[in-house]
Amino acid sequence: MDLKLCHITKRFRKRTVLKDINFDVGPRELVSIVGPSGVGKTTLLKIIAQLDKPDHGEVVFSRPPTRAHPVIIVFQDYVLFPSMTVRDNIGFGLNARHLGKNEIRKQVEQMLVYFQLTEQGDQYPAQLSAGQSQRVAIARAMIVSPAVLLLDEPFANLDRNLKMETARFIRKTQQEFGIPTISVTHDLEEAFAMSDRIGILLDKRLQQFDTPRKVYFNSASLDVAKFLGPVNIIPEHQFALFQIAGKGSEQILARPENLAIHPGRDGPGRIREKAFAGHYTAYTISIGNHTYTAYSHDDRYQTGQQVTLKLTSL
Amino acid sequence: MKHAATFLVLILLFALPVVVLALVSLAPGWRFPDVWPADFSIKGLIYLAQHQRQILMSLGSSCLFSLLTVLTTLLMCLLPAAVFARSNFSGKALLEGLLLAPALVPPMTFAMGLHFLFIKFSLADTLAGVVLILAMFSYPYMFRSLVAGFQTMGKDYRLCAENLGAGTMSILLQVELPLLMPAVIAGGSVVFLVAFSEYFLVFLIGGGSVDSFTGTLFPLLNSSNRSLAAILTLIFLCLPIVLFLVIDTILVQAYRKKGMI
Amino acid sequence: MSWTIKHCLRLSPLILPYLVLFCGGVFLTVCQSFGILTPLPHEGGALDAYAKLLADPAFFASFFFSLGVAAVSALLAVITGTILAYRVWQLPRQLATASLVYKIPLILPHISVAFVILIFWSPSGIVASVAHWLGVIQTLHDFPNLLYSGWGIGMILAYTLKGTPFSMLLVMALLFRFDVRQIQTATMLGASGLRIFFTIVLPRLAPALHTGFIILFLYSFGAFDIPYVLSESRPGMLSIHVYNLYFKHDLARRPEAMAILVIMFCFAVLFIIAYSKIVNRLESGVRKL
Amino acid sequence: MLKKHIALIAFWILFMLPGPAAAKNTEDSLLQIPFQQIAEQARNHQVRWYMFGGWAHVNAWVDTYVAGEMKKRYDIDLVRVPMDAGIFINKLLNEKAAGKKTGNIDLLWINGENFKNAKEAGLLFGPFAQQLPNIRKYVDPESMAHDFGYPVEGYEAPYGRAQFVFEYDTAAVSAPPQTITGLNEWIRANPGSFTYPQPPDFTGSAFIRQLFYAVTGGHEQYLSGWDPDLFARKAPLLWNWLNAIEPFLWQKGQTYPKDSAFLDTLFSRGEVAFGMSYHPSHAQNKILEGSYPKSVRTFVMKDGSIYNTHFTAIPFNAPNKAGAMVLADFLISMDAQLSKYHPDKWGDFPALDLKRLNPKERKQFQSVDLGPATLGSDTLNPVAVPEIPSDYLEALEQGWKEHVLDN
């Protein structure tokens, strides 16, 4: 099962929110669409789930979704039905398909076990933690064996330290169930961690669609690069100072972690500022009239110290 | 104490009448210039005991048509309220204004015109006729309450349930109605009270065939037998209070169990 | 199924009864006021009933009297209701439950409220007895003539007592959604209690006040129950006239009863339209400032 | 989708369902067959009696004694529905105009102008009175020939008699006025202490009728029937009399009690000095009920005190005419009349002719203690004057509104 979005365009009244969106999702693939809040990511999901119609373009499925294998969205706030227990919530989709009581109970129990919710089976949504709620929401979606799973901001309501764990959990689940999954989010780190491919949605368009590594280190544009994190622009006339042999391009984009600091009295750079950030230290270094940011695990460099910057790898 | 004045006003305005009613009910001969009744009698209670069947019947009948009115208004308003809460169409504001009108214009203005028609179509003097006419001018309270309920609920639950494959009716009954319950209760309480305390329309359309507690109460309130009128008024007061308390307790318990409040 | 048909179908449980019962009822009232579809064949012109009413000074007296009673009682109910609701809202939590007594008149039917007013305020009522006990009056003839003075004071008292908890309820609903931090901020900035009430709280309550006033005003204008117990013989409320014409006279006078109803209906509709227009204009003016 | 449509349609059908239709009666035969058969037909059915509902003691008598006896003797369920006469007449008129063949009223408590209006509009079933054995046995045909001067012709059955009396509290007034002139003087001497219910209230209307007799030279002149010229000549005397005392009335005549119950309240609470009632035992009932002080007594004016008979009648569309006839017959039975005569039950005067009873039965009636507040027939009978024809009644009520109220 795979799907392909072709030239999707969507307008609300006169405002265009999505313009000519093209990408594809392979079978068993997890794709994240990343962009700032309010760029129409949820709209994109609704279009894929056929809850909304695009003004142009279409979503092509290799096998069109059916009632038995639908496209399921897991909404941002999980939208668990507050009046139903966890069990009833998970079983809701099967109930709607008029499966037998025993069959539903069997499948729900399996889900409860898989999603580590056995103890919460008889609780109501209001009594669950955010993480548990999310697992219920995903279980409720998975139980109807969806053709495609859509996750809307899966990390939005979670504590910081829970986000990465959740990303890994989603990845693992997606792999085991083997369901093509599209997640839209603005949490970069988690998207990088779990996705096979990532699309960057900026200014109504899909700016780049590639593996996380490529997108991050080989950003298609300065906008994309800036969106994904701090970035240094090395102009051509300073290439030599960074010992770059490259030619032909006017400038090179380098992430702070790609700039290695080498102390040396005759270095062209000078450390202007230094900020401790936990697992690394951020240094602001001036070379000529340009300023660069570099991350280093080494905390010993002092402000005012002369250094050389080297581009490590791309 | 700053709140004492507030309390005093509340008590004087709203609780004192009940106390006085209780006294009057036991003192038919209480008259000027006695500040406290000179003597008490339980004649009113004896009358009550003698007529308990009739009083209970009229109370039951009032309850029945009031509850049926609540149910009817709910049926009338559920789907339309969803449409009003969730979609925009031209003329929506105007239509909403028009639909709220029956609660505002004097109900006599359409009930009296309808009366003749109801007689022709055998709806006069029937429970159905009474429920219809009561529903017709009390539904706006239910309607507004439900629209607000649907708006608070938002579209997500419906979208989500649709996405999971549920049909319109099962979404309405399984997912939305439990969430709407507070709105239904709020609107329903008003509708119930309006129907339960209505005298004139029940009298006009029910024509004496549909028993009502107000119908029993009204002639007595006008008579010189104040103690009886006071007793019946107190009974009148108790029934909705008990009903609301029961519903409230049941509902609160259910919702607390689900952690929804 | 197209969008419109689907919507119409879903709206139909409300729209159909509305058209048949409400619009139909009003239509029949109008018809009968013209002498059409009356129980007895009407002799004379279609506008006879209106001509008779408009030539009758007693009708105008009743009309304006009804208006006055309704307006004064609705205004009083909204004002007292708002003040009480604000005070109750400020009560500490433990006391708030006790303040639920205000709901009592909400449950009492109008006729019982009228009865309560009678017990308290008639010249031989509780208030007079207390006044006598305090030595303010000697006999019950010294007690001011409140209930049957021709000013509708009894009805105003009853409608106010019944309407106050209603407006309290509306106001409370808004107050419970009101952000207390606004008041806390205003207090920190040095505003007095009154100033906070008038500049911060009251504007937020405006919708409830308008709704409350319209509902109470129109209800009192057209209702029957309370006037039946407390109305004076003259000028008398319109609803009592209608009742008497409808029930106590022969069927030949049915068009007159219906004509009064039609005039009441038109007035109510015009009032709603005019009131909402005025409120809209006022509020948009406020926003521009 | 389909399911929803069906639900909608079902909803509509539910709404449009008419109420249960009552069974048809073979009614005209009721006027021929023996009473035994009528009673047989009525057995095991419901009878709905529409009557004035403002008197708790009367309600109690109907709900306990009458309902109990009807159940016991005929297996009939009696349902008392409180409704004023003017209103049920109007309801019947509406039903007649709408062509409603089966209504929901079986028996009416009715008399006077309401009876006239109803009979003229063809709202009544009959003549049925002569079918009732108790009427044939106990009632003097002369006493039920006319109701307010209007021929009864068997369209209603008598069940009680009443006479107009005034009430006063001996603790407050030592010597009540004996004549209308005396009343006039008393009112002027005691401003704010007298009033009368606003016509067309039954009692208030009776009061102005009685005044009309007194201030225009007696009742005989009116009994021959409606004479517009006579009325036009005589009525102003009444209006002048009433307007002259208006400033001295309760609330300076600004307002009038809207019904007799309201006057009772005013009287019971001492706001006015005199009560009035068309039921001679009314004061006694109120004393027993506890609403009136024990010191209340009744009195009549020497100028005359009108009396009438009250009746029951059957609407044209009564669903259970047989049952209604059985009830009407029971009400005029010896047992019911005697029970009704007791002041702790109701105190209503019997409508049957005491001469037609055997001595033992007569003794039972004569030995009923009417209570200290009720006048005996020795006081009442000498001043009794008959009711006025109902055309005058309507003219007086309408005239009162124009010349006294709106003046």
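**Note on the chain D–chain B interface and a sheet in chain A**

1. Chain D and chain B share 9 residue pairs in polar contact, counting pairs with both residues at pLDDT 80 or more. The model is a predicted one.

2. Several elements of chain D supply two or more residues each to the side that touches chain B. The helices are α1 (2-16), α3 (56-74), α4 (85-97), α10 (260-268) and α11 (282-289). The strands are β1 (46-51) and β2 (77-82).

3. As for extent, 44 residues of chain D touch 40 residues of chain B. About 3400 Å² is buried between chain D and chain B, and carbon and sulfur atoms account for 57% of that area.

4. The rule gives 2 salt bridges across the interface of chain D and chain B. A salt bridge links the side chains of Lys91(D) and Asp125(B), with an N to O distance of 2.8 Å.

5. Chain A contains an open sheet of 5 strands, paired antiparallel in the order β12-β16-β13-β14-β15. At its edges lie β12 (259-263) and β15 (290-296) of chain A, each of which pairs on one side only. On average, and ignoring direction, neighbouring strands of the sheet are turned by 40° against each other.

6. Within chain A, strand β14 (residues 281-287) is joined to β15(A) by 7 bridges, and the two run antiparallel. Across this pairing, Tyr295(A) in β15(A) is the residue opposite Ala282(A).

Key:
Residues numbered from 1 in each chain as written. Chains lettered and ligands numbered in written order. Predicted model: local features only at pLDDT ≥ 70, side-chain atom pairs only at ≥ 80, totals over all residues. Heavy atoms only, no water. Pairing = 2+ DSSP bridges. Helix = DSSP H or I, 4+ residues; strand = E, 2+ residues; numbered from the N terminus. Axes fitted to C-alpha atoms, helices over the stretch in contact; angles between N-to-C directions. Contact = heavy atoms within 4.5 Å. Buried area = accessible area lost by both parts, 1.4 Å probe. Salt bridge = Lys/Arg side-chain N within 4 Å of Asp/Glu carboxyl O. Polar contact = N/O pair within 3.5 Å; in protein donor to acceptor, adjacent residues only side chain to side chain.
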